[in-house]
Every structure is written in structure tokens, then in C-alpha cells.
Amino acid sequence: MKFFSTIKNAVIGLSLMTCLAGAKAQEPGQEMLIAGFAFAGEHVNKEARFPYIHYLDEELKKSNNSISMEITKRLQTVEGKNFKIVTGRTFSTKNSDSPLNGVMVLTGETVLVENYGSYWKVFVNLRGDALLFDYKGKKIIKTYPLNLAIFDAVEGQQEPSQYKILNLIRENIFTTKKEGLISQFVDKITNANPGQKTDKIFQIGNITVKPEALDKFPAEISSNTAAVKDIVADALSSELSGQTSISLMPAKFNSVVGVMTMQLEDTGEQIELKIGDGDYIFNVEVNKLAKAKQQQTNSEVSYIYGVNASIQVIEPFSKTVFLESIFRNGAVSISPINKITQDDYPAYYDVINGLFKKFSMALKTRDYKWVNVATGSEKTAEQMKQVSNLLDGKGN
């Protein structure tokens, strides 16, 4: 396995998540000024954190193109449901200007390449947000997480070149398919509703990854505890926001001063935005990641991958605990018998995401059959009902 990239800077603390930061209700016909594309974090660390996207950005500029230009092009043909989308205008602090601004901000890039004998497996994960913010007040209004996971196989003995991987990333960013990164952004911006004042605000609180789980991450990731926390938080926030209508504030666990920093692609301006506090907190402990051989034939072998994680939902001021339980999730992965190197990270990534997806779907649908199996406790299903009520505005 060769690891080509790093995860976002620890100062950011911004997850693949939605948030509501006390914004005033938006007036009918209000404008949203689109800034295009931005890199999260400090400018000096951009190339180290996002090597592929940074290189792609530089190559696009040589041909007078950019991710921001593609975003502008796409948004010129759509209408926002709750505001007027405006492109091609620079930010201003004049009182007459709209406080609502939007940008697609990249927060994480992970690329892994693994040899399977007769072919190579490529795993790419790009994480970001459709971020709505107040440029004048330097405050986050709301964010909608973006998450792009790419699994590709390349035949042959020769390792895929960085150029080939770059083209794969480019294709999945620019594609008009709904899974594409820009397509996700356009969809979130088109349907965004930043004026929902009555929503309770949730937030990812503490993320703990215990040694029995941490040692299953690739060494290039596990040596950076902030990166591991980001991966887990982004997975949870992405599934929560994707499966429910929850409003999530960016996490603060990797932010010393409670701010998120980003640099705009086209203008180069660096902006710091304040991160607010949630009304309810999700705390997560990933206790263990494990695998066991299930079956083997002359040509392939199957493994069961599993995750054991504790999830807690609390109200931070009263210390009221609405949910506290251990959840388990498993999945089967089949590999060719002649696999040369053994890297289980993509499978562990899937099984963690799978747990959070099932958890989020149960909260939304109020179907707790999976909860009873995953926890072995009917008490947890009753607690999940309380959290479902909070999400629906029927709780505290």
C-alpha cells in the first residue's frame, strides 16, 4: 500500500456536517452570493494536506479553468428554492449587502493504493461542506456535508501512476452524476434553507478511538490522532445529515480557538469563521475494530469485519443523557486468494460508515429492529425514541 495524502489540519475541526448558527430568518428573494471553491485550513499547509486537489487546481489554472468556474457555470442554470443564487460578484462588508454567502470548502483528502496481485485497488475519499456563512460577521450560518468515496480497480502488475489517479479524482469531481462532488454541492445549495430558526442544533462532541481500533488504521493516518478523529466525525455527521433533517454545528475537538479557517480558490483570500455551540452533543468512542476469516476456497477468501462503538447523546448544560449504548456492526468482504498485500482499511472504513448509516436511518424511520440486534438491549430502542423526538422537535 502506498499512502499519497494527508487529512485536514487539526485547527479546522470542521466535519462532513450541517449546522445552524443563529441566523436571522431569510427574507423572500434574498440573495446568496456564491464564492466558488475553497481549501479548508491555513494557506501554507494546503499542498501538504491536499496534494492531489492542489495539483489539480494548479493544472486547471494553466488552462484558464478552475473548480470555482465549473461551480459558477452549474449554478447559473438553477434556481434556489429559498433565495436567489448570485455568482460573479466579490464579497463586500457594505450594510446593504446580503449577509448570506456560500462556498464549497474541501476539508479532507485521503488516497490509498493497494496491490491485489493481478490488479491494483484505489481508494479515494474527499470530504467537504456546502458552507453558508456571513462574510461581514465572520460567522457560520449552516453547513451541508459533502462526501465522495471512490473505489476503483486497475488491472496489471504496474502500480497506477499519480497522473492516472489524478484523472480519476478529476472525473469524480466534475461529473454531472449526482454522486460527483460539484453535483452534491449544487444540490445542497439549490435546496438549502438557512432560515429555519426553530431547529435544535446538534454537534459532534468528543471522539475517542481506543488502541484496539486505532492500530487498524494505516500508520500514515493513525500517527495523526486529529486525522483519525476527523474521519470518524465526518462519517457520523455525513450519515446523520444525509439520512435525517438534523442541523449540525461543526465540531470543535480539533479547534483550539473555536474557529474554522479556509482559503478561497480564485481570490486567495483567507477567512476565519467562528464555530458556535450545539444544544445537544453526540459523543463517540470507537472501542474495537476486528476481522475474522469466514470461508476460503481455491480462488478467494471471505472475511467478516466488525466495529464496536459507544454512542452517547447528551444535553451539555443540564448533563441530561438521552442515549448511551454500545453498538456493533459487521460486513463481509471477499478477496482473491493471491492478494499480495493485506490492507484492511477500506473494509474498516465501510463498516464504520455502515454503523453510522444504520444508526441514522433508525433515528429517522423510528424502525429500531437493527438497534435491538446491534446492542442486544431493548432499553436502547427506548433511548433512540427520545433522540428521534429531539430530531423531530418533539423533545426538550
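**Figure 1. Salt bridge between E382 and K385 in helix α11 of the predicted model.** K385 is partly exposed, with a relative accessible area of 35%, and E382 is likewise partly exposed, at 45%. Relative accessible area is classed as buried under 20%, exposed over 50% and partly exposed in between (1.4 Å probe, protein chains only). The closest N and O atoms of E382 and K385 are 3.3 Å apart; a salt bridge is defined as a side-chain nitrogen of Lys or Arg within 4 Å of a carboxyl oxygen of Asp or Glu. The two residues stand three positions apart in helix α11 (residues 378-391), so about one helical turn separates them. Helices (H or I, at least four residues) and strands (E, at least two) are DSSP runs numbered from the N terminus. The model is predicted: local features need pLDDT of at least 70 and side-chain atom pairs count only at pLDDT 80 or more, whereas totals for chains, interfaces and linings use all residues. Residues are numbered from 1 along each chain as its sequence is written, and side-chain values use heavy atoms, with hydrogens and water left out.

**Figure 2. Salt bridge between K61 and D57 in helix α2.** The N to O distance between the two side chains is 3.3 Å. Both residues belong to helix α2 (residues 51-62) and lie four residues apart, about one turn of the helix. D57 is buried, at 0% relative accessibility, whereas K61 is partly exposed, at 36%.

**Figure 3. Salt bridge between D215 and K216.** The side chains of D215 and K216 meet with an N to O distance of 3.1 Å. D215 is exposed, with 53% relative accessibility; K216 is partly exposed, with 28%. The structure as a whole holds 10 salt bridges.

**Figure 4. Strand β2 and its pairing partners.** Nine of the 10 residues of strand β2 (residues 31-40) are buried, and the strand is mostly covered. Strands count as paired if DSSP finds at least two bridges between them. β2 pairs in the parallel sense with strand β3 (residues 84-86) over three bridges, and E31 has K84 as its bridge partner in β3. With strand β4 (residues 101-115), the pairing of β2 is parallel over six bridges; here L33 is partnered by N101. The pairing with strand β9 (residues 259-264) is antiparallel, over three bridges, and A40 has M262 as its bridge partner there.

**Figure 5. Burial of helix α5.** Helix α5 (residues 181-191) is largely enclosed by the rest of the structure, because eight of its 11 residues are buried. Among the buried residues of α5 are L181, I182, F185, V186 and I189, together with S183, Q184 and T190. In the protein chain, buried residues make up 55% of the 396 residues.

**Figure 6. Nonpolar surface patch of I304, V332 and I334.** Together these residues present about 270 Å² of accessible area, computed by the Shrake-Rupley method with a 1.4 Å probe; for residues, only the protein chains shown count as cover. Patches are made of residues with over 30% relative accessible area and no salt bridge; like charges are joined within 9 Å and nonpolar side chains (Val, Leu, Ile, Met, Phe, Trp, Tyr) within 5 Å. I334 lies in strand β13 (residues 320-336) and is exposed, with a relative accessible area of 52%. The accessible surface of the protein chain comes to about 17,300 Å², of which 48% belongs to carbon and sulfur atoms.
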